[in-house]
Amino acid sequence: MLEVEGLSAWYGASHALQSVAFGVAEGEILCLLGRNGAGKTTTLKAIMGLMPRRAGSVRFRGEEVLQRPPEARFHLGLAYVPEERRIVPGLTVRENLRLGLIAARNRQDEARALDRIAETFPRLRERLDQQASTMSGGEQQMLAIARALMAEPRLLMLDEPSEGIMPVLVDEMFDLFARLRRDGTTLLLVEQNVELALNLADRAVVLDQGEVVHRAAAAELLADAEVQARYCAV
Ligand SMILES: Nc1ncnc2c1ncn2[C@@H]1O[C@H](COP(=O)(O)OP(=O)(O)O)[C@@H](O)[C@H]1O
Ligand SMILES: [Mg+2]
């Protein structure tokens, strides 16, 4: 579904990603791991077209998208929930969700999309007309994920979705990810919570200093305390 090859990216003169390569197969959950500063966020941004200086190849469903504008990816079914939850605090939950349809691949019926999301996120259903800023950090993160799902993406990329969220919501979120996979959504997940991520994911790619240093089945990496200690400890 997604094939990344020779992906490089720069912040000014600083070479943040060096020829990163990995693939994500349809229907799987791939987790991208690595210490702080390893290049995980930069990888997602480069895939999304948000790094001004980038090189290499990103093919999504057979199409080369690296040098195309970010919107082109939405239309093909690629969605991204960044680290800093960019919900609009002054808008209601419903209005935030509506924004998720703007770049949708198929301009579906808004009411139908809202019904579907409300069913998936009971916590949001009760709060559709509440101002987004009045919700907890975890609920805002759920809203950011729900907004991305409004457009029914084929591949959803999430950057540290569980960060700073209370455990009960993290469990809910990971249950949601498992359900999304079951329903056919492919996930590329960046996580600091290594054990939780590896218990959910099918495969893992580990980054260090902007390079891929390890690729493995999630279960295999879960059992590999040495690699985890070397590359995944925060
Ligand atoms: N806006 C920026 N300007 C300059 N350097 C940056 C910027 N953002 C990240 N970096 C650097 O790029 C490298 C990779 O960062 P990042 O992708 O955010 O890592 P991770 O998400 O794995 O913690 C780090 O060395 C970081 O300091
Ligand atoms: Mg990051």
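The questions below concern the ligand's surroundings and the domains.

Tutor: This is a predicted model, in which local features need pLDDT of at least 70 and side-chain atom pairs count only at pLDDT 80 or more, while totals for chains, interfaces and linings use all residues. Residues are numbered from 1 along each chain as its sequence is written, and chains are lettered from A and ligands numbered from 1 in the order in which they are written.

Student: What makes a residue part of the surroundings of ligand 1?
Tutor: A residue is near a molecule if its C-beta atom, placed from the backbone, lies within 6 Å of it. Residues including Tyr11, Asn36 and Lys40 therefore count as surrounding ligand 1.

Student: Which elements give two or more residues to that shell?
Tutor: Strand S2 (14-24) and helix H1 (40-48) do; H1 gives the most, 3 residues. Helices (H or I, at least four residues) and strands (E, at least two) are DSSP runs, numbered from the N terminus.

Student: How do you know which parts of the chain form domain 1 and domain 2?
Tutor: The bounds come from an automatic or database domain assignment, which gives domain 1 as 1-77 + 155-234 and domain 2 as 86-153. Their centres, taken over C-alpha atoms, are 23 Å apart.

Student: Why are residues of domain 1 and domain 2 said to be in contact?
Tutor: Because contact requires C-beta atoms, placed from the backbone, within 7 Å, and 13 residues of domain 1 are in contact with 10 residues of domain 2. On the domain 1 side, H2 (70-76) supplies the largest share, 3 residues.

Notes:
Two residues are in contact if their C-beta atoms, placed from the backbone, lie within 7 Å.
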